[in-house]
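Take a first look at the model below.

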Amino acid sequence: MPEPAPTPTTGPPSADGPARVVVLISGTGTLLQALLDACAGPGFGAQVVAVGSDRPGVAGLARAEAAGVPTFVHPLSPGADRAAWDAGLRDRVAAHAPDLVVSAGFMKLVGPAFLAAFGGRTLNTHPALLPAFPGMHGPRDALAHGVKVAGATVFLVDEGVDTGVILDQAAVRVHDDDTVASLHERIKVVERDLLVSTTHQLATRTWQVVDRKVRWDS
Ligand code: GRF
């Protein structure tokens, strides 16, 4: 039986001007800050047009406001209808007509409605070398497992938990005296660079995904 034909995903650039990026956050927003700083430079090819958070009052929202970027808060209340929350998030993001969505420390899983609108153009970052140590506690789980090399992964969001197509990865050595916090902080240094460089690539080149591999066409 022949293999089914691959379904390529092609990405921006599709429009004139910088790619429009909506960033989703939940906390401190140092990844967001790296992206805001990069977008301010010449020729980056992307601009952050809105920042959304599931939590009010977080530092990342203040970073966006300081940069003059519109913000919104879309909380998921305990016991709330998850599908309605997901459709609402889709609508809040869609209002800003993004070319790309960046999940930068956004601690919620998006669902089918969101992915129907933005699947294939939503990237996420994870502080572990996927497919090892997915989930909420990548650095903690990597340290507990005794790995010697940890790192960060930027990938396209799909319906799974940190299972999407890997766009890029970077490694850091684990130190004998590392704590979860020290390891995570060192990972975040490379994670910020990775997010910035991958966003730039996606915003300025044409690309497609075939058989889980991203291929840069220009
Ligand atoms: C990052 O390591 C991200 O991968 C993880 O949370 C961290 C967010 O950091 N899920 P910040 O809020 O951008 O500083």
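This is a predicted model: local features need pLDDT of at least 70, side-chain atom pairs count only at pLDDT 80 or more; totals for chains, interfaces and linings use all residues.

Residues are numbered from 1 along each chain as its sequence is written, and side-chain values use heavy atoms, with hydrogens and water left out.

Start with helix α1, residues 30–40. Helices here are DSSP runs of H or I with at least four residues, strands are runs of E with at least two, and both are numbered from the N terminus. Eight of the 11 residues of α1 are buried. Buried means under 20% relative accessible area, exposed means over 50%, and partly exposed lies in between, with a 1.4 Å probe and protein chains only. Among the buried residues of α1 are L31, L35 and C39. What covers them? The cover of the buried α1 residues includes β2, β3, α2, β5, β6 and α6.

Now turn to α6, residues 180–204. This helix has 25 residues and reaches 35 Å from its first C-alpha to its last. That is close to the expected 36 Å, the expected span being 1.5 Å times one less than the number of residues. Its buried residues include L183, I187, E191, L194 and T198. An α-helix has 3.6 residues a turn, so residues three or four places apart point the same way.

A pocket is an open set of points on a 1 Å grid over the protein atoms alone, with protein on both sides within 12 Å along at least five of seven lines; lining residues have an atom within 4 Å of a point. The largest pocket holds about 780 Å³ of space. Its lining has 39 residues, and G105, F106, M107, T125 and P127 lie nearest the centre.

Is T122 buried or exposed? T122 counts as buried because its relative accessibility is 2%. A polar atom of its side chain lies 2.9 Å from the backbone oxygen of F118. Beyond its neighbours within four places in sequence, T122 is in contact (heavy atoms within 4.5 Å) with V101, F114, F155, L156 and V157.

G17 lies in the loop between β1 and β2. At 56% relative accessible area, G17 is exposed. Its C-alpha is separated by 8.2 Å from that of A46, 29 residues apart along the chain.

Key
A polar contact is a pair of N or O atoms within 3.5 Å; within protein, one must be able to donate a hydrogen and the other to accept it, and residues adjacent in sequence count only if both atoms are side-chain atoms. On a 1 Å grid over the protein atoms alone, a cavity is a set of points where a 1.4 Å probe fits but cannot get out, and a pocket is an open set with protein on both sides within 12 Å along at least five of seven lines; lining residues have an atom within 4 Å of a point. Grid points are joined across faces, edges and corners, and a volume is the space filled by probe spheres set on the points.
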